[in-house]
Amino acid sequence: MKPPRHDPNTERTVAPFPNRLQRLRTRLEVFNLRDYWWKSLDVFESSRAARISLYLTACAVVIGGMLWFWAYPWWNKRNAVKMAREWLAAGRYKNAVEAVQQAMIVAPENPEPWQIAAELARLGGQKEKAVEYAHHAANLAPEDSELLIAWAAAALRADMTDEASRALDRVTADERAKSSAAQRVLGELARRQFRFTAAEGHFEAAARLDGRVAIDEVPLGLILLNAKDPAVRQRGTNLLIKWTADRDWSVVTMRALLADAQTRDDRAAMLKWAEALRLNPGCTVSDMPTCLQALSKADEKRFAEVLSALERDHATSPDAAVQLLSWLNQIGRSAEAVKWMQSLPEAGMRRPPLVVEGAEALRLTADWPALQAWTKEGNWGPDAEFLRWAYGLQAARMLGNEALAEDLLRTLRSHAQLNGVHALFAGSTLYGWGRLSEAETLWWIAAAQEGKIAVDALGTLARHYQVQRDAEGLYRVFRQLHLLRPQDAGVGNNFAFYAALTGREQRLAEQVARANLALEPHNPVYLATYAFNLFMQNRTDESLALLKPRAAEAAGSPPLSFAYGLALAGTKHESEARRILAAIPSNSLTLREAELIKSTLAD
């Protein structure tokens, strides 16, 4: 081994092996990408198979990218809608809802998912939601007449006749004439407006377009039943009879034919259609009283036979028995109900649910001693105990036992403070029996409670006071409702009107009326209320100036006519005032309003 060399310039020893940097460089040269690139090109040039493989791979990458960015979203949108329709057709509504929601996410601009959502809402009984979805679908494709007509049909089912008309207004006359669905909507709109001739024409047009199917001929038959001409009426009857054998339309047509027979007192037809409807698989519990009533009027012997069979069938359980008792009470055959009650087990009759229906049968037969005895015995249960007191109160009043009646009324009032639902129900029950003052007392107790029950009670009181034409009562009701719902403009308007009419809280009433008018300056009712407030504060000139520009609308608006007529009378335009005020239906006015008109015109 030779000794290391000596460098005379640097005086350093040079090792015979590479240092670390050189070793790293050597290793990196092994991975020289440039060499590999040239080697790959050499292989590519020399191998046809390699070239083909590369071309195919590149094409696959491009096609895959296109599928991912264009075809897959298109397929996803189409498949989501397709799945929703298939689930809907199969009756799997939960799955259809999920598919529709997915379709709305991936294709929010597509009207089809919204159209399906409208159909699902209709099937679920959500009529307003169905209108909302159908409207949205129509807005997404405003040139699609079918979507506009579907929106109109949904609105009609929800009793939104104005919206249905607006939807059809966007469909051209030619498209309406060619669409059986549009003709049906137009026909139903005309029927609801009692324009039977126009309705008949639309359903006839729909029938011509569809080829005489039930969806057109049944409503046409219903319309023709209203005709005065016997031949036209007979045609309507024949159309309905035609579809009584149809599985989907038999119940609808039988109900219509039975109702028509009862209207005309055609006893043979009553017997025929009552029997047919009663035996139809689609007959409901609510149909049975109608059938029994028709049978009892058409053929007493047949009624007795049917009743005997029903008594045997319904004696099997308390729930079945109470159903038959209820039917008999509804059709005025409570004497048969009382007689049958005596054959039922005593223990079952003296507890819910039979004990209440038994009390109703005794009330309807006016057997007051028996009813009083009935309310003193038995186990009515916690949910019906308040009805025991109500029936006992009625019996005591009819027997002249005022001390017992007052005691029972006190008990009812005490219980009402603890249970608003019972208070509302007991009040409505007593009201139906003509016990107005007792009902009013219980309703006000319910109205003093919280939540929905208070609003329901106040609504019931409002209807009661409207029937009584009681302005003071209406002021009390709407004052309380305004405290509960201060943001409700309709409630506030009523409060402002009745407060002004009764001379209460006039400053607050004017503020509420002014705010409502500012919120909806074109609302004629709000305008009338604010003008009336000004009139009641002796600011008659201001009231008239406010109403003058809208005078032409007064004939179609009783509130506007009332305020405008008073303003005219107060400014000495008496003849015109009398003409306007005389045209207001008297039953739409409270007694206080009628007195105000009389006194204003007398001045």
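1. Quick convention first: axes are lines fitted to C-alpha atoms, for helices over the stretch in contact, and angles run from 0 to 180 degrees between N-to-C directions. Helices here are DSSP runs (H or I, at least four residues), numbered from the N terminus. Keep in mind that this is a predicted model, where local features need pLDDT of at least 70, side-chain atom pairs count only at pLDDT 80 or more, and totals for chains, interfaces and linings use all residues. Residues are numbered from 1 along each chain as its sequence is written, and side-chain values use heavy atoms, with hydrogens and water left out.

2. Helix 23 (residues 385–399) and helix 24 (residues 402–418) cross at roughly 155 degrees, with axes that come within 8 Å. That makes the pair roughly antiparallel (the label for angles over 145 degrees). Helix 23 passes helix 24 in a left-handed crossing, i.e. the near helix is turned anticlockwise from the far one by less than a right angle.

3. Who touches whom there? Contact (heavy atoms within 4.5 Å) involves, among others, Phe 386, Trp 389 and Leu 393 of helix 23, and Leu 404, Leu 408 and His 415 of helix 24. By class, this contact has ten nonpolar, three polar and three charged residues. For the classes, Ala, Val, Leu, Ile, Met, Phe, Trp, Tyr, Cys and Pro count as nonpolar, Asp, Glu, Lys and Arg as charged, and the others, Gly among them, as polar.

4. Helix 11 (residues 196–210) and helix 12 (residues 214–224) pack at about 155 degrees, axes 9 Å apart, and are therefore roughly antiparallel. Helix 11 passes helix 12 in a left-handed crossing. The contact of helix 11 with helix 12 has ten nonpolar, no polar and four charged residues.

5. Now the pockets. On a 1 Å grid over the protein atoms alone, with a 1.4 Å probe, a pocket is an open set of points with protein on both sides within 12 Å along at least five of seven lines, and lining residues have an atom within 4 Å of a point. The largest pocket holds about 610 Å³ (the space filled by probe spheres set on the points). Of its 17 lining residues, Arg 157, Arg 184, Glu 188, Ile 215 and Trp 249 are the closest to the centre. Its lining has twelve nonpolar, no polar and five charged residues.

6. The second largest pocket has a volume of about 410 Å³. Its lining divides into 13 nonpolar, seven polar and two charged residues.

Conventions: Helices (H or I, at least four residues) and strands (E, at least two) are DSSP runs, numbered from the N terminus. Angles under 35 degrees count as roughly parallel, over 145 as roughly antiparallel, 65 to 115 as roughly perpendicular and the rest as oblique.
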